[in-house]
Amino acid sequence: MHIVLDETAMAAAGTGNVLASRLIHRAHAEAGWYLYAPACALVEADRTRPGTAEHLAALPGIAVIDLDLPGVLAVAQQATWAQVHTQHAAQPTPDRPDGAIIATTIPERWKGEPVRVLDLTT
């Protein structure tokens, strides 16, 4: 299971969101569960809730996704770096041929986008 946290999910994890906490626990404790934090979304989460970036980056179950050249080219065409980097990170790769699911507390923001979404509000 490959899951990309958007900035809302990252901030929610810091406020005690039970579903976000369960994802983090599973990624740490269970084989086959992977959580990703796109760097641009991590910055935005830290702006919303200071300390989030340092906290999440220190967790062993979360991999920070750097902004590589394809990511830069995607981000450069959009106004919202966090959202586009998250969407870029969720796209299929050789390691994730089916792509990844985006975990969010604002699922409606992804409506109409070619991504799968995990709603952390329920």
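Arg26 and Glu30 form a salt bridge in this predicted model, with their closest N and O atoms 3.3 Å apart. A salt bridge here is a side-chain nitrogen of Lys or Arg within 4 Å of a carboxyl oxygen of Asp or Glu. Arg26 is partly exposed, at 37% relative accessibility. Glu30 is partly exposed as well, at 35%. Residues are numbered from 1 along each chain as its sequence is written, and side-chain values use heavy atoms, with hydrogens and water left out. The model is predicted, so local features need pLDDT of at least 70 and side-chain atom pairs count only at pLDDT 80 or more, while totals for chains, interfaces and linings use all residues.

The search of the whole structure finds 4 salt bridges. One of them pairs Asp6 with Arg109, with the closest N and O atoms 3.2 Å apart. Asp6 sits in the loop between strand 1 (2-5) and helix 1 (7-14), and Arg109 in the loop between strand 4 (101-104) and strand 5 (116-119), so this pair ties together parts that are 103 residues apart in sequence. Helices (H or I, at least four residues) and strands (E, at least two) are DSSP runs, numbered from the N terminus. Asp6 is buried, with a relative accessible area of 0%. Arg109 is partly exposed, at 22%.

Another salt bridge links Glu44 and Arg47, with the closest N and O atoms 3.4 Å apart. Both residues lie in helix 3 (residues 39-48), 3 residues apart, or about one turn of the helix. Glu44 is partly exposed, at 29% relative accessibility. Arg47 is exposed, with a relative accessible area of 62%. Elsewhere, salt bridges that share partners join Asp6, Glu7 and Arg109 into one network.

The protein chain has 6 helices and 5 strands. Their order along the sequence is β-α-α-β-α-α-β-α-α-β-β. The radius of gyration is 13 Å, close to the 14 Å that the globule rule gives for 122 residues, so the chain is as compact as a globular protein of that length. This radius is taken over C-alpha atoms, and the rule is 2.2 Å times the number of residues to the power 0.38. The C-alpha trace spans about 35 × 30 × 25 Å along its principal axes.

Of the 122 residues, 42% count as buried. Contacts (heavy atoms within 4.5 Å) were examined between residues at least 6 apart in sequence, and 64% of these join residues at least 24 apart. The chain exposes about 6,700 Å², and carbon and sulfur atoms supply 56% of that area. Accessible areas come from the Shrake-Rupley method with a 1.4 Å probe; for residues, only the protein chains shown count as cover. The chain carries 8 positive and 13 negative charges, and their mean positions are 6 Å apart. Lys and Arg count as positive and Asp and Glu as negative, whereas His and the chain ends are not counted. Each charge is placed at NZ of Lys, CZ of Arg, CG of Asp or CD of Glu.

His85 lies in helix 6 (residues 81-89). His85 is buried, at 1% relative accessibility. Leaving aside residues up to four places away in sequence, His85 touches Pro38, Ala39, Cys40, Ile65, Asp66, Leu67 and Val75.

Key
Buried means under 20% relative accessible area, exposed over 50%, partly exposed in between (1.4 Å probe, protein chains only).
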